[in-house]
Amino acid sequence: MAKRYISVFLFIACAISPAFAANERPFAIKESQKDPNGITFRTSTGIVRIESCGDRVFHVVVSPASNIPTPKVPIVTQPCRAKNLRVRTGRNDITLSTPVITARVDDRNGSLTFLSKNGKSILAEPTAGAREFAVPSSFENKVWQVQQTFLSPSGEALYGLGQHQEGIFNVRGVPVRLSQANTNISIPFLLSSEGYGILWDNPSLTDFNPADQTIAIDPITGKGKFTTTVKGTYGFLLTSDNKKQLTLKVGGKSVIDLHNMWTPTSASGFAELEANKDYEVSAKGGPGGTQLTMRPPQDTTTFRSEVGQAIDYYFFYGPELNRVISDYRQLTGEAPLFPKWAYGYWQCRERYHSQQEILDIAAEFRKRKIPVDILVQDWQYWGKYGWNAMKFDEDYYPQPKEMLDQLHANDLHMVISIWSRFGENTDVYKRMSARSLLIPGTPWTDFFNPEAQTAFWTELKNGIFQDGMDGWWMDASEPEGDVLHGRKTFLGDGDSVRNAYPLYVTKAIYEGQRATTDKKRVVILTRSAFAGQQRNAAASWSGDISANWTTLRRQIAAGLSFSMSGIPYWTTDIGGFFRPRDQYTSDAYHELLVRWFEYGAFCPIFRVHGYQSNAELWNYGPQVENILTQYDELRYRLLPYIYSAAWGVTNRGETLMRSLPLEFSSDPRAQNISDQFLFGPTLLINPVTDEGATQRTLYLPTGSDWVDFWTGKRLSGGQSITAEAPLEKMPIYAKAGSIVPLGPRVESSAAKADPVELRIYTGADADFALYEDEGDSYNYEHGAYSVIPIHWDDRAKTLTLADRNGSFPGMLKDRTFHIVVVREGRGTGIAPSSNPDATVEYQGHAISTPVQPS
């Protein structure tokens with residue numbers, strides 16, 4: 001599945017000169033030297049390397065020194081080698097061209113421009129000030145070491161940068177501080193509506209679009225004022241030590257509004273303001289002080305990092321944004337396939353208290369016939385042994401292996417909470433400390449040390465994994481409390497690798513388990529992430545968030561931004577982590593829980609969680625249980641569709657939760673829609689996020705018709721509609737010209753997925769590749785899987801099941817497919833269709849069936 005990469009190195013190496021001759025240009029090329037991989041130039045401003053990684057990717061490194069440093073954190077794992085690259089030296093420029101894109105360096109000023117094959121500028125540097133080193137901070141007592149600026153046309157939209165809680169989707173012109181914190185995941189990967197992506201290869205604290213103009217805030221009143229210069233979008237960055245709120249009003253209008261049990265130390269916002277006008281601001285932060293900075297309107301995009309020996313970034317060109325993400329994964333590592341059970345329902349709460357409680361809950365799920373695959377054990381199971389002791393307290397969990405065996409016998413799995421830090425009274429802390437495997441002065445593991453990675457996994461394997469544990473809930477992997485700041489690690493200053501800690505945490509677990517066995521796929525759920533982390537079989541969730549409508553609404557934008565940052569697996573605490581005390585009896589909370597659950601059923605990972613909560617579905621009354629169970633059943637009916645889409649994530653670099661700009665980049669009306677998305681290639685999901693709503697307005701993207709999942713009614717794309725949305729129905733639409741496979745009603749992913757109902761959404765030819773394997777183990781990496789290509793000929797009204805490709809142990813050789821052509825009143829809703837339009841008995845060989853809707 002790995003692809004070969006084309007590569008070349010262009011060195012623009014420059015000896016810094018104290019003075020220039022009278023007729024000498026500042027960026028004059030001194031000398032050049034060709035080699036098999038490219039060309040080297042020497043000028044007077046530093047050293048630059050441009051590396052072509054395939055037809056659509058360039059790697060750029062700029063250093064003020066005389067050498068190119070080796071990155072401390074290897075985000076990119078694939079080497080680049082030169083092939084099919086044309087290098088031309090012109091009168092005023094040097095160009096490197098692939099069959100798709102060109103990188104052009106202007107000899108007169110050193111500016112770099114990326115162009116399409118027809119010569120159109122895709123991304124360009126300004127002719128002056130594009131690259132800077134040792135940039136002083138306007139309000140902090142420090143110097144930022146590297147900075148890179150690009151031009152940004154006024155109509156551009158920019159997405160990604162991880163998961164943040166302000167609800168901002170298009171980050172063009174918005175200052176964003178990239179730092180790791182609970183509820184805040186920072187990934188320096190950016191997508192543009194212009195068809196390109198940027199991976200900023202720097203793991204230190206980074207400001208995207210730095211806000212350099214300080215607005216003085218009175219420490220007592222929280223008030224301040226400033227005067228605008230031009231009309232346009234002003235960006236704001238508010239920083240504070242407060243853990244519960246970050247708020248900002250500009251001219252009386254709310255610009256930043258974060259409230260939670262704890263918040264990050266910074267928050268972003270923007271406002272459209274008039275020219276030459278005085279504005280009052282009101283900011284609230286913490287007792288240690290609140291700082292507010294502003295970024296005036298400008299047509300540029302900037303990355304600025306606190307630590308770095310060089311500017312280092314990768315430029316990707318699609319122009320399809322799905323292709324950009326695919327190329328990003330090819331360079332940074334493909335996302336392994338989770339076991340099939342991980343795509344089912346995760347029952348989580350804070351917390352289960354004993355082995356017997358877990359077994360009782362498991363039995364209750366099976367008694368009620370509510371589908372579930374995972375029970376999650378939260379913290380404190382270690383009891384008397386101390387924090388994160390990596391073993392169960394036998395007073396409450398007397399037989400962990402027998403507990404897990406019983407769960408497995410009932411087609412259930414367990415995921416358990418683990419941490420990177422240890423209580424100082426634990427045996428594991430003493431062993432890790434004695435070997436100097438902790439970050440000095442803290443109880444946190446120094447995962448940057450390979451020996452610490454191995455030791456951590458060994459402790460986990462011997463303490464928990466050997467009993468049959470199925471997955472890992474890696475909590476507080478930022479690490480919590482910003483403990484790297486000002487400390488040393490195995491790789492040097494903690495500030496230089498400050499954002500990369502979660503990448504190394506998940507690496508330790510993934511590589512440790514892979515080295516131990518290939519019979520059980522790695523499953524990691526973790527609270528933080530960094531670029532490339534998808535290669536470690538890691539999903540993330542949005543942290544300890546509160547139960548309210550604003551937070552629910554913002555999770556949609558947060559999850560889409562995370563997916564557009566190149567990492568495919570993400571979820572939230574359905575229902576919110578911090579819940580009201582009357583959660584079991586409050587009608588208002590029940591409505592929020594239902595709407596959140598409806599949305600969560602279409603997140604890549606489907607998981608409920610709540611603080612001090614008995615979060616099982618039946619604890620909220622019969623009406624709530626009934627609605628939640630319906631969506632749980634729908635998730636399980638969709639498992640053939642979901643698991644096949646997950647194979648597309650692993651095999652083709654696709655995305656499971658697809659924002660509209662990702663999928664419909666040529667539709668300008670989709671550009672800023674942050675509360676709708678495609679789940680897989682077909683289903684348009686439209687969460688309801690307004691209290692009391694029974695309808696919602698949504699946009700049907702252009703390019704196809706759309707079919708109401710609940711009614712079968714067909715509507716044209718390219719229009720906004722008002723959809724019915726009673727409490728039990730979230731609006732869902734299927735793209736015309738699609739095939740959606742649904743399995744039978746089951747209680748776990750282990751149940752036999754036969755017969756399969758194939759719903760045909762007519763209006764165009766359609767294809768679907770039905771993927772199946774053993775459901776666990778890594779045998780799929782060695783070819784143990786099958787794919788059944790399915791094609792719908794819309795003109796001939798014929799469905800073709802092609803020859804099955806591949807096989808695996810335990811494969812169902814003979815399959816039954818019920819074919820349903822969806823129309824109004826037929827092939828709709830959750831229940832299996834009782835009267836299919838055709839039935840096909842499939843034995844692995846090609847068969848075509850005319851389908852005439854009755």
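Reply: Strand β47 (residues 756–761) and β52 are joined by 5 bridges and run parallel. Two strands count as paired if DSSP finds at least two bridges between them. Strands are DSSP runs of E with at least two residues, helices are runs of H or I with at least four residues, and both are numbered from the N terminus. The model is predicted: local features need pLDDT of at least 70 and side-chain atom pairs count only at pLDDT 80 or more, whereas totals for chains, interfaces and linings use all residues. Residues are numbered from 1 along each chain as its sequence is written, and side-chain values use heavy atoms, with hydrogens and water left out.

Of the 7 residues of strand β52 (residues 815–821), 6 are buried, so the strand is largely enclosed by the rest of the structure. Buried means under 20% relative accessible area, exposed means over 50%, and partly exposed lies in between (1.4 Å probe, protein chains only). Strands of a sheet pair through backbone hydrogen bonds, either parallel or antiparallel.

The bridge partner of F679 in β40 is L683.

A further open sheet has 4 antiparallel strands in the order β19-β24-β21-β22. Its edge strands, β19 (223–227) and β22 (253–259), each pair on one side only. From one strand to the next, the twist averages 15°. Strand β24 (residues 278–284) is antiparallel to β19 and joined to it by 5 bridges, and F226 stands opposite Y279 in β24.

Turning to the helices, α4 (residues 427–434) and α5 (residues 450–463) pack at an angle of about 160°, their axes 11 Å apart. Axes are lines fitted to C-alpha atoms, for helices over the stretch in contact, and angles run from 0 to 180 degrees between N-to-C directions. Helices α4 and α5 are therefore roughly antiparallel to each other; this label applies over 145 degrees, roughly parallel under 35, roughly perpendicular from 65 to 115, and oblique to the rest. The contact (heavy atoms within 4.5 Å) is made by V428, R431 and M432 of α4 with A452, A455, F456 and E459 of α5.

Helix α5 also packs against helix α6 (residues 501–516), at an angle of about 60° and with axes 9 Å apart. That makes α5 oblique to α6. From α5, the residues Q453, F456, W457 and K461 meet Y504, K507, A508, I509, E511, G512, Q513 and T516 in α6.
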